[in-house]
Amino acid sequence: MKKKEINASHTPLYREAGFNLQNSKRAQAAFSAEAANNHEPDDYIYSRYRNPTVVATEKQIMELEGCNWALLVETGMAAIDVAVSVFQQGAATRPWLFFHEIYGGTNSFIDTVLIKRRNLDVHRFYAKEGLYDFVELERMLKEIQPEFLYFEAVSNPMLIVADVKRIMALAKQYKAKIIVDNTFGTPYLWKPLMDGADLVIHSVTKYLSGHGNITAGVICGNDKELLKEAIEYRKWAGHFLSPDDAYRLGTQLKSFELRFDQHCKNALELAQFMEQHPKIETVLYPGLESHPTRKEAVALFADKGFGGMITFDIKGVSDEDKREKCDRFIAALEETIPLVPTLGEVDTILLPVEPVWGAKYPLPGVIRLSVGIENIEKLKGLIGGALENI
Ligand SMILES: *Cc1c(COP(=O)(O)O)cnc(C)c1O
């Protein structure tokens with residue numbers, strides 16, 4: 001039966017696994033065109049290769065990042081897998097260099113997949129007392145001659161803001177490609193591809209989707225060859241965002257800039273409020289004068305904001321006392337600011353750092369707060385109230 005064309009105003013939700021290619025001639029043309037791995041094919045074939053609903057949402061992300069292409073996948077981890085795997089070329093694979101101050105899951109991926117299973121020559125650049133030593137970074141680039149350098153502009157959970165221009169200039173000097181995980185910075189604060197990065201990845205699960213109801217990731221770039229490699233790897237490794245999730249993400253992306261602006265405003269005001277509070281010991285927020293990398297944050301983000309994450313701890317007479325007070329603070333907020341192990345949602349949520357990452361950070365009892373977009377007076381009331389009661 002011939003289907004009527006619908007005058008839709010949005011790209012519809014195309015749920016088909018396979019598309020109707022009608023006849024052998026058209027099928028042959030579609031499959032031979034597929035060898036070019038174009039971002040938007042003339043004829044769609046199979047949703048694991050490309051899907052029109054997913055491509056429509058990818059175009060929204062290209063607009064936000066200001067880049068030539070974007071590929072959606074099912075998680076942020078899948079995006080990292082695609083981004084690094086395009087540089088794996090069998091026995092010809094060169095060493096890779098990763099900053100150590102990155103998402104814990106990425107460090108686990110490096111250990112359990114790249115090193116343990118793929119036996120790759122991976123190196124780590126460690127921060128010293130929370131700051132980056134550029135002499136050491138240059139020494140490593142020179143000695144290792146890595147294929148790429150991988151870093152995050154804002155570290156988690158200590159919120160170190162990197163001098164990204166200097167890092168990227170060094171990488172280019174030693175001919176290393178640059179991969180940036182920009183989940184914390186988001187394209188609202190920084191667009192690394194416009195400053196010469198080769199690939200950017202996001203955990204779309206966080207701010208880009210913004211409501212804690214989708215897991216997704218994206219790889220963004222400008223270079224055509226990297227696009228072809230990334231499409232090829234995504235297709236054959238089977239990384240894929242479902243059209244349903246892409247459709248919902250498309251709707252949620254429309255409010256991304258509005259939301260992130262509010263995350264930044266709320267976080268700055270809350271950080272200032274908490275820093276003044278007599279029961280608080282330390283507040284780490286890149287927008288505060290007291291933050292060790294405020295200079296880098298101002299240079300990179302200009303006057304746009306400083307992100308939506310705050311890391312802090314509570315005063316106590318001993319480390320044990322501090323830990324106990326932080327635990328009581330968390331319990332007091334159970335119903336209003338819950339302990340949820342993610343970030344970047346419109347609702348404020350928190351996470352105790354030590355139970356998740358171990359006691360490797362200098363602040364006992366430290367808590368990571370993902371500030372939402374709620375009314376700021378309400379947030380101050382909730383946090384202030386919980387602090388009074390411990
Ligand atoms: C959450 C996160 C990831 C992993 O993303 P998933 O969507 O959970 O797979 C990667 N990088 C950063 C910085 C993250 O916060």
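# Briefing: an annotated lysine, a nonpolar core and charged pairs

UniProt, in an unreviewed entry, lists Lys206 for "modified residue: N6-(pyridoxal phosphate)lysine". The structure shown here is a predicted model. Its largest nonpolar core has 123 residues, a search of the whole structure finds 22 salt bridges, and the count of disulfides comes to 0.

**The annotated lysine**

- Lys206 is in the loop that runs between β6 (199–203) and β7 (217–221).
- Lys206 counts as buried, because its relative accessibility is 12%, and the limit for buried is under 20%.
- Leaving aside residues up to four places away in sequence, Lys206 touches Thr183, Thr342, Leu343 and Gly344.

**The nonpolar core**

- In soluble globular proteins, nonpolar side chains tend to be buried together.
- Within the largest nonpolar core of this model, the residues with the most contacts are Phe98, Leu137, Ile219, Ile310, Phe312, Phe329 and Leu369.
- Helix α10 (residues 256–276) supplies the largest share of this core, 7 residues.
- Both domain 1 (24–253) and domain 2 (256–389) contribute to this core, with at least three residues from each.
- Ile310 is among the core residues with the most contacts. Not counting residues up to four places away in sequence, Ile310 touches Leu159, Ala267, Leu270, Ala271, Val283, Leu284, Tyr285, Ile367, Arg368, Leu369 and Val371.

**Cysteines**

- A disulfide is a covalent bond between the sulfur atoms of two cysteines.
- The model has 0 disulfides by the distance rule. Cys67 is in none, and the nearest cysteine sulfur to its own, that of Cys220, is 4.4 Å away.
- Cys67 is buried, with a relative accessible area of 10%. Cys220 is buried as well, at 0% relative accessibility.

- Side chains of opposite charge can pair when their charged atoms come close.
- Glu269 and Lys380 form a salt bridge in which the closest N and O atoms are 2.9 Å apart. This pair links distant parts of the chain, with Glu269 in helix α10 and Lys380 in helix α14 (residues 376–388), 111 residues apart.
- Glu269 is partly exposed, with a relative accessible area of 32%, whereas Lys380 counts as buried at 18% relative accessibility.
- Arg323 and Glu354 meet through their side chains in a salt bridge of 2.7 Å, N to O. Arg323 belongs to helix α12 (residues 319–332) and Glu354 to helix α13 (residues 353–357), so this pair ties together parts that are 31 residues apart in sequence.
- Arg323 counts as partly exposed at 24% relative accessibility, and Glu354 counts as buried at 15%.
- Helix α12 also holds the pair Arg328 and Glu324, whose side chains meet in a salt bridge (3.4 Å, N to O). These two residues are separated by about one helical turn, because they are 4 residues apart in the helix.
- Arg328 is partly exposed, at 37% relative accessibility, and Glu324 is also partly exposed, with a relative accessible area of 44%.
- A network of salt bridges links Glu34, Arg50 and Lys235.

Technical notes. Residues are numbered from 1 along each chain as its sequence is written. This is a predicted model: local features need pLDDT of at least 70, side-chain atom pairs count only at pLDDT 80 or more; totals for chains, interfaces and linings use all residues. Side-chain values use heavy atoms; hydrogens and water are left out. A nonpolar core is a set of buried Ala, Val, Leu, Ile, Met, Phe, Trp, Tyr and Cys residues joined through side-chain atoms within 4.5 Å. Buried means under 20% relative accessible area, exposed over 50%, partly exposed in between (1.4 Å probe, protein chains only). Domain bounds come from an automatic or database domain assignment. Contact means heavy atoms within 4.5 Å. A disulfide is a pair of cysteine sulfur atoms within 2.5 Å. A salt bridge is a side-chain nitrogen of Lys or Arg within 4 Å of a carboxyl oxygen of Asp or Glu. UniProt positions are given in the numbering used here, feature names are shortened, and annotations may be inferred rather than shown by experiment.
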